[in-house]
Amino acid sequence: WLTLPLMVAYKRVPFLYILLVGTFLPLYALIQAGGRSMFAVQLISFAMLVVGGRQRKTMHRIRRSFWLYSLLGIIAIYLGTAAYRFAATQGYMGDSQQQKYEKQSQLGDSPLSLLIGGRGGTFASLQAALDKPILGYGPWAIDTKGHYGAFLEKYGTKEDYDIYQRSAIKRGVIIIPAHSHIIGFWVWYGIFGLVLWLYVLRLYFVVLNRYLAVIPQWYGYLALSIPSAIWNILFSPFG
């Protein structure tokens with residue numbers, strides 16, 4: 001609801017409102033909702049709003065310095081990781097989030113290590129996709145080769161592996177965990193699923209690099225929706 005005015009009436013919203021919402025929502029996502037990924041995505045979105053402003057000439061800043069702002073986005077992810085680490089270890093996010101952080105940081109506390117710890121299904125399904133990259137396994141693919149178990153043995157926690165074993169005994173089969181649009185479609189539909197989402201990512205890239213300022217009234221909607229859409233393609237299940 002707080003972002004709705006920015007999406008539907010962007011040029012009429014006071015800039016102070018953008019600053020207030022852009023400060024509040026990322027912090028709320030981090031501390032109250034416990035969403036590390038949500039925090040990073042919203043941070044990037046509101047940085048785009050601040051940089052782009054509400055005039056076409058200022059919106060062109062991102063196009064003119066696209067790679068610079070891409071680098072700043074990566075830095076923002078590292079800063080978000082540091083903020084999440086501080087908030088979780090200091091107990092500001094509650095006991096459950098502190099335990100979640102301790103579990104996900106067993107491989108290390110770098111952004112990549114936390115990403116693997118929190119999105120293990122994505123990386124496990126990537127191994128499966130590379131094992132059969134052309135034809136894929138078909139929808140709701142059964143993990144007949146034990147890719148997920150092998151991944152958990154190497155990178156997972158004992159708790160994760162115990163849950164995996166209990167689930168395998170109870171169900172008799174394990175579905176390859178496709179916790180990603182692009183990797184999931186690659187696992188299911190082979191090279192055709194991969195090409196589909198690479199094409200969609202290319203469309204987002206073209207919009208970010210060329211067309212953000214074409215219709216200034218839409219800039220708020222694009223800035224708020226594209227970063228989360230790209231995150232979902234990379235690290236969220238299709239649904």
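## Exercises on an all-helix model

A search of the whole structure finds one salt bridge, that is, a side-chain nitrogen of Lys or Arg within 4 Å of a carboxyl oxygen of Asp or Glu. The model is predicted: local features need pLDDT of at least 70 and side-chain atom pairs pLDDT 80 or more, while totals for chains, interfaces and linings use all residues. Residues are numbered from 1 along each chain as its sequence is written, and side-chain values use heavy atoms, leaving out hydrogens and water.

**Exercise 1.** Describe the secondary structure of the protein chain.

Solution. Start with the elements: there are 13 helices and zero strands, where helices (H or I, at least four residues) and strands (E, at least two) are DSSP runs numbered from the N terminus. Next, take the burial: 41% of the 239 residues count as buried. Here buried means under 20% relative accessible area, exposed over 50%, and partly exposed in between (1.4 Å probe, protein chains only).

**Exercise 2.** Examine the aromatic pairs, of which the structure holds 10.

Solution. First, the criterion: rings of Phe, Tyr and Trp (its six-membered ring) pair if their centres lie within 6.5 Å, and planes under 30 degrees apart count as stacked, over 60 as edge-to-face and the rest as tilted.

Take Tyr10 and Tyr219: with 5.8 Å centre to centre and 45° between the planes, this aromatic pair is tilted. The pair links distant parts of the chain, 209 residues apart: Tyr10 is in the loop between helix H1 (4-8) and helix H2 (15-31), and Tyr219 is in helix H13 (residues 219-235). Tyr10 counts as buried because its relative accessibility is 1%, and Tyr219 is buried too, at 0%.

Then take Phe185 and Phe238, an edge-to-face pair with 5.1 Å centre to centre and 75° between the planes. Phe185 lies in helix H11 (residues 181-189) and Phe238 in the segment after H13, so the pair ties together parts 53 residues apart in sequence. Phe185 is buried, at 14% relative accessibility.

**Exercise 3.** Explain why H11 is described as largely enclosed by the rest of the structure.

Solution. Count the burial: eight of the nine residues of H11 are buried, so the helix is largely enclosed. The buried residues are His181, Ile182, Ile183, Gly184, Phe185, Trp186, Val187 and Trp188. Now look at the ends. At the start, a side-chain oxygen of Ser180 reaches to within 3.4 Å of the backbone nitrogen of Ile182. After H11 comes Gly190, with a positive phi near 70°.

**Exercise 4.** Which helix holds Ile74, and is this residue buried or partly exposed?

Solution. Ile74 lies in helix H5 (residues 66-89). Its relative accessibility is 45%, so Ile74 counts as partly exposed.

Key. A polar contact is a pair of N or O atoms within 3.5 Å; within protein, one must be able to donate a hydrogen and the other to accept it, and residues adjacent in sequence count only if both atoms are side-chain atoms.
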